[in-house]
Structures are given as structure tokens and as C-alpha cells.
Amino acid sequence: MSSPDPSRPQIQRILVVGAGAMGSQIAMVFALAGHDVTLQDVIESGLTRAGAQLADRMGAAVAKGRMSQACAEEALGRLSFSTDLDQAASTADFVIEAATEKLEIKQQIFAALDRAVPAHAILATNSSTYGSSKVASVTSRPERVCNVHFFNPALVMKCVEVVRHPQTSQETIDVVMELVRTIGKQPVLLNQEVPGFVANRLMGVLRDEALNLYSSGVASIEDIDAAAKTALGHPMGPFELMDLVGLDVNCMIAQATYEETGDPADLPHPIMQKMYESGRLGRKSGMGWYNYETTR
Ligand code: CAA
């Protein structure tokens, strides 16, 4: 294994902005890999909930014999929580933003981060819909900005898409690719911004075909999911996956992709949109394509 290049910025202190399902697990991934991590959110109760959920997850991993109690405690001890973005940013070497998928909010965060972080810091967005050029443009360091896109659940899924925009420097890409490898993930590099990146583009095709087959009465939800799992070897069927990711998130991603491409084929599928509007969001609401009320 080659030793790290001493001329490259070393990444120890990580800031994760946004304590939702993605941000909290991303923070834990870095803490498990030995980084000092701050998880920041404007909502204090979101931080409390994230802390409790992560402690439960680590507890379950210890109970299953996946890690030692000491390892779990050390990792949780490397994780701190803050509502103060400026203070949390002031010592960060690497920031990953995992806030709401609203461009205006992300741009506000990036402008604030740019003012607060040290000069060497790299700023990344976990956005799956907005290429980082859209947030790099509000910073004074576009060469140190890129997408670093994790998948749900981030503690488990190996893939991380790293997307460069036209001004991202090669050094930034080299540092980020290495960082992703050192946290035990598989980086997938995109050399240009394309709506949906790679994995969501692949997933979108399967999902929309599943919705077409179901809505035209060809097969049931259960049987379509069974085909994806037993014929294609997918760990979940497309309907189960929509429920895991959330119907709201699926619709938001499709809508944002349409806004990028202008292609009506990218709009949220009508029956997916109907589910979202009726409040059936998947696991998070207890009801989606499947009923989770009894399993919650
Ligand atoms: N959070 C954290 N860990 C979880 C989890 C969750 N929500 N759900 C399950 N796990 C862990 C379990 O603790 C377990 O860990 P161990 O192996 O250490 O025991 C492991 O995952 C397997 O869990 P289970 O045995 O309970 O269940 P499973 O074998 O069915 O796996 C799964 C669950 C990992 C979610 C699996 O079904 C899977 O890989 N599904 C596909 C997920 C996927 O495609 N994600 C991408 C979504 S798209 C996206 O994220 C992009 C975007 O931009 C929206």
C-alpha cells in the first residue's frame, strides 16, 4: 500500500451538515474510521434524535458481535453535536453537506461554510440532484468543491459517487477518492455532472418500469419485487426500495432531475406522485407500497 503524499492536505476533522437519515449515518461512518466528527444541524431535537439512533445502531452491532463495546464507545466518543455552524466549521478539514434538497438552502450553507472553514478545507455536497457547480459558485474556492454522494443506509451501502464539476481541481479529486477508500467505501468517479449521476439513473429506469408494469395490471407489487430479488439478485425490489428511500425523496429527486433536463420522461411517475400526495411516504410514515405499522 502506498504511503500518503505529505504535500497533500491531511483530512482528520470532519463536519457533517444536516442530521437527517443520511447526515447522521455519514457522520458515524467517518467516526468509525477514526475521524473526529461534528454533526451540525439547526434543529437541536434532530441532533438528539440522531445521537440516540446512532447509539442504538452501535449497540445492535455490539450485540450481534459485529464490533467490540470499546470500539463502539470510542467511535461514539469521536462524534460531537452542534447547532453552531460557524464554530463547527472553523476547524474542519472536510465538510459534507447533507441538508434538505433545496438549492437555496444549500447555497446559503455553502456561502456560510466558505467564510468559516480554514483555507485548505474541501467542501462537498451529498446532494443526488444538484451538481456541485451550483454550490461552488457561491464560494471563493470552487476548485475545492465536489459532490460526494452516499447511499441509504449510508452505514451499509459501499458505493460513494464522487462527481467533479468543471473547476474541481485534480488534487481535490485525489484527496476525496483516497478519503472515500480509507472509510471503507467504494468510490465511483464521475468526470462530469449529469442529472441523477450513475446509480440513480440506473435505479430510475428500473423503478419507472416497475411502476408501469404495476399500473398497467401486468403484475402485483409483491411479484415485481420478487422478480427483482430472485431473478436479478437485487437485495430489495423497486417498491421496497421506494419505501426505504421515501416516496417524498423519490418525487423530489425526479422533479429536480426534470428541472435540470426539461425532459417530461424525468417527471415523477404519476402513481408515485399520487402516493406522495396522499402522505404514504414509505417506512418513515408507516405506510408506503407496503404497510409498516405492525413492524415499527
Ligand atoms: N441503517 C443502518 N443499517 C441498517 C439499516 C438501516 N436503515 N437497515 C439494515 N441495516 C444493517 C443491519 O443492521 C445489518 O447489519 P449487519 O450485517 O451488521 O448485521 C445489515 O444492514 C443487513 O440488514 P438486515 O439483515 O436487517 O436486512 P437486509 O439483509 O435485508 O439488508 C439493506 C437491508 C442493507 C437495506 C438491504 O436490503 C439493501 O442493501 N437494500 C438496497 C438498498 C439500496 O439500494 N440503497 C440505495 C438507495 S438509493 C439512494 O440512497 C440514493 C439517493 O440519492 C436517494
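Q: What makes H35 count as buried rather than exposed?
A: In this predicted model, H35 has a relative accessibility of 6%. The cut-off for buried is under 20%, so H35 falls in the buried class.

Q: Where does H35 sit, and which backbone oxygen does its side chain reach at 3.4 Å?
A: H35 is in the loop between helix 1 (21–32) and strand 2 (36–40). Its side chain reaches the backbone oxygen of I11 at 3.4 Å. A polar contact needs N or O atoms within 3.5 Å, and 3.4 Å meets that limit.

Q: Which backbone oxygen lies 3.2 Å from a polar atom of the H35 side chain?
A: That one belongs to Q12. The limit is again 3.5 Å, and 3.2 Å is within it.

Q: Why is the Y214 and W289 pair called edge-to-face?
A: The structure holds five aromatic pairs, and Y214 with W289 is one of them. Ring centres have to lie within 6.5 Å, and here they are 5.9 Å apart.

Q: What does the pair of Y214 and W289 tie together?
A: Y214 lies in helix 8 (residues 199–215), while W289 is in the segment after helix 12 (270–277). The pair therefore ties together parts that are 75 residues apart in sequence.

Q: How do you know whether Y214 and W289 are buried or partly exposed?
A: Under 20% is buried, over 50% is exposed, and partly exposed is in between. Y214 has a relative accessible area of 33%, so it is partly exposed. W289 comes in at 11%, so it is buried.

Q: What makes F239 and W289 an edge-to-face pair?
A: The centres are 5.1 Å apart, within the 6.5 Å limit.

Q: Which parts does the pair of F239 and W289 tie together, and how buried is F239?
A: F239 lies in helix 10 (residues 238–245) and W289 in the segment after helix 12, so the pair ties together parts that are 50 residues apart in sequence. With a relative accessible area of 0%, F239 is buried.

Q: Which residues do ring pairs link into a cluster?
A: F30, F94 and F150 are the ones linked. F94 is in strand 4 (residues 94–97). At 1% relative accessibility, F94 counts as buried.

Q: Why is the ligand said to lie between domain 1 and domain 2?
A: Both domain 1 (13–190) and domain 2 (199–284) give residues to the shell around the ligand, so it lies between them.

Q: Which residues come nearest to the ligand?
A: There are 19 residues around the ligand, and Q25, K64, R66, H149 and N152 come nearest.

Q: Which helix gives the most to the shell, and how do its residues divide by type?
A: Helix 10 gives the most, with three residues. The shell divides into eleven nonpolar, five polar and three charged residues.

Q: What is the omega of the cis peptide bond, and where is P153?
A: Omega is about -5° for the cis bond joining N152 and P153. P153 is in the loop between strand 6 (145–150) and strand 7 (159–163).

Q: What is the phi of F197, and is F197 buried or exposed?
A: Phi is positive, about 55°, although F197 is not a glycine. F197 lies in the loop between strand 8 (186–190) and helix 8. Its relative accessible area is 2%, so F197 is buried.

Conventions
Residues are numbered from 1 along each chain as its sequence is written. This is a predicted model: local features need pLDDT of at least 70, side-chain atom pairs count only at pLDDT 80 or more; totals for chains, interfaces and linings use all residues. Side-chain values use heavy atoms; hydrogens and water are left out. Rings of Phe, Tyr and Trp (its six-membered ring) pair if their centres lie within 6.5 Å; planes under 30 degrees apart count as stacked, over 60 as edge-to-face and the rest as tilted. Helices (H or I, at least four residues) and strands (E, at least two) are DSSP runs, numbered from the N terminus. Buried means under 20% relative accessible area, exposed over 50%, partly exposed in between (1.4 Å probe, protein chains only). A residue is near a molecule or strand if one of its heavy atoms lies within 4 Å of it. Ala, Val, Leu, Ile, Met, Phe, Trp, Tyr, Cys and Pro count as nonpolar, Asp, Glu, Lys and Arg as charged, and the others, Gly among them, as polar. Domain bounds come from an automatic or database domain assignment. A polar contact is a pair of N or O atoms within 3.5 Å; within protein, one must be able to donate a hydrogen and the other to accept it, and residues adjacent in sequence count only if both atoms are side-chain atoms.
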